Amino acid sequence: MKTIFRTMCAAMAVLTAVSCGNSASNNAQQTETVVEDPTVAVEQVFVKEVPQTAVYTSTVQAYVKNNIAPQMAGRITKINVEIGDNVKKGQILAEMDKSSLLQAQLQLQNQEIELQRLKSLYETGGISQSDYEAVELAYNVAKTQVENLEENTILRSPVNGVVTARNYDAGDMYAMTSPIYTVEQIKPVKLLVGISESDYTKVKKGDSVQITADAVPGKTFYGKVGKIYPTIDPSTRTFTVEVVVENNYSTLRPGMFARVEVDFGSNNNVVIPDVAVVKQQGSGERFVYVLNEDGTVTYQKVVLGRRMGTEYEVLEGLSDGAKIVTGGQIRLKDGIKVIVNE
């Protein structure tokens, strides 16, 4: 029995020594493990011609909008056109009560007869120059009053356009609260576009623009910059540009939602893929990792310009021919050595 017991103890001692040896060996292997450099994808980027176009939203407006109404209250005797009617410049739209106009016309006729009579006397020396000029002045004042009454009794369209509102019927008393008619000129139309102040010097009167409207799918309209407002809105940091579209077929209508594409020419700048851009947490700044000749990477801040599909224009921060990391950025930090995935 003693012999068997001694044999078992010796075997256990051997097993314990072997186990301890294996554990020490594993620890040594773990201590000697080396962390490999991260593998990244790299792309060389170059300067390209970048079209400087921008798209803005706007609303189509009538080129001219006129509210047709007399200067004073009165009875409406005739309504000649309806909403949707096309009207010509000078066309009679409505007529007011003419009693005041007729009275003024009769008085003017009498004053004209009197003026002619006194003119003969003045020419023969029958009256003084001052007396004649006083009568002539009264006649001219009466003539002006008649012309004013005519304009406010017989209401005409001041433009070629379309009637977009009628607020009264024949026989109504015009109460000076809303116009009798609204006439809008839609050949041409205009759009007011708010453009960033950074592009103020790039826009010129007469520049061509393209317009599309959701209500007219598949069709592109062409217009020109008609006016450039001289001030910047301090709340939006934009200035207003008026775009004029001929609209010969009256396809565009006031109130339509439209997109205006403005071409500012082109710039030559470095272009990079969007996957290379790293956004710094807590700020709006953008960075890329630039591969150096010694195999390390530099965390480089960039100023981005326009986005073109899956690419960005770089305004500042990169030079032509730079190599930037486009994959594997998650394990990187400034100055670390990397392995380029070929």
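Begin by selecting I195, I211, V243, V245, L252 and V260: of the 26 residues in the largest nonpolar core, these touch the most other members. A nonpolar core here is a set of buried Ala, Val, Leu, Ile, Met, Phe, Trp, Tyr and Cys residues joined through side-chain atoms within 4.5 Å. Buried means under 20% relative accessible area, exposed over 50%, and partly exposed in between, with a 1.4 Å probe and protein chains only. Next, colour strand 2 (47-68), strand 9 (181-196), strand 10 (208-213), strand 11 (216-228), strand 12 (238-245) and strand 13 (257-273), each of which supplies at least two residues of this core. Strand 9 gives the most, with five residues. Helices (H or I, at least four residues) and strands (E, at least two) are DSSP runs, numbered from the N terminus.

The model is predicted: local features need pLDDT of at least 70, side-chain atom pairs count only at pLDDT 80 or more, and totals for chains, interfaces and linings use all residues. Residues are numbered from 1 along each chain as its sequence is written, and side-chain values use heavy atoms, with hydrogens and water left out.

Which residues surround V243, once its neighbours within four places in sequence are left aside? Select V189, K190, L191, V193, V209, I211, G223, K224, G226 and V260, which are in contact with V243; contact means heavy atoms within 4.5 Å. Then move to a second, separate core of 15 residues, among them L93, Y168, Y174 and I180.

Remain with strand 9 and select P188, which lies in that strand. The peptide bond leading from K187 to P188 is cis, its omega being near 5 degrees. Proceed to the loop between strand 12 and strand 13, where N247 lies. N247 is not a glycine, yet its phi is positive, at about 55 degrees. S250 lies in the loop between strand 12 and strand 13 as well, and its phi is near 55 degrees, a positive value in a residue other than glycine. Most residues other than glycine have a negative phi, and most peptide bonds are trans. N247 is buried, with a relative accessible area of 7%, and S250 is buried at 14%.

Now display helix 2 (residues 99-123) and helix 3 (residues 129-153). These pack at an angle of about 155 degrees, with their axes 9 Å apart; axes are lines fitted to C-alpha atoms, for helices over the stretch in contact, and angles run from 0 to 180 degrees between N-to-C directions. Helix 2 and helix 3 are therefore roughly antiparallel to each other, a term for angles over 145 degrees, with those under 35 roughly parallel, 65 to 115 roughly perpendicular and the rest oblique.

On helix 2, the contact residues include L101, L108, L115 and Y122, and on helix 3 they include Y132, A138, V146 and T153. The residues of this contact divide into 13 nonpolar, five polar and six charged. Ala, Val, Leu, Ile, Met, Phe, Trp, Tyr, Cys and Pro count as nonpolar, Asp, Glu, Lys and Arg as charged, and the others, Gly among them, as polar.

Finally, select A138 in helix 3. A138 is partly exposed, with a relative accessible area of 34%. Its C-alpha is 9.3 Å from that of L115, 23 residues away in sequence.
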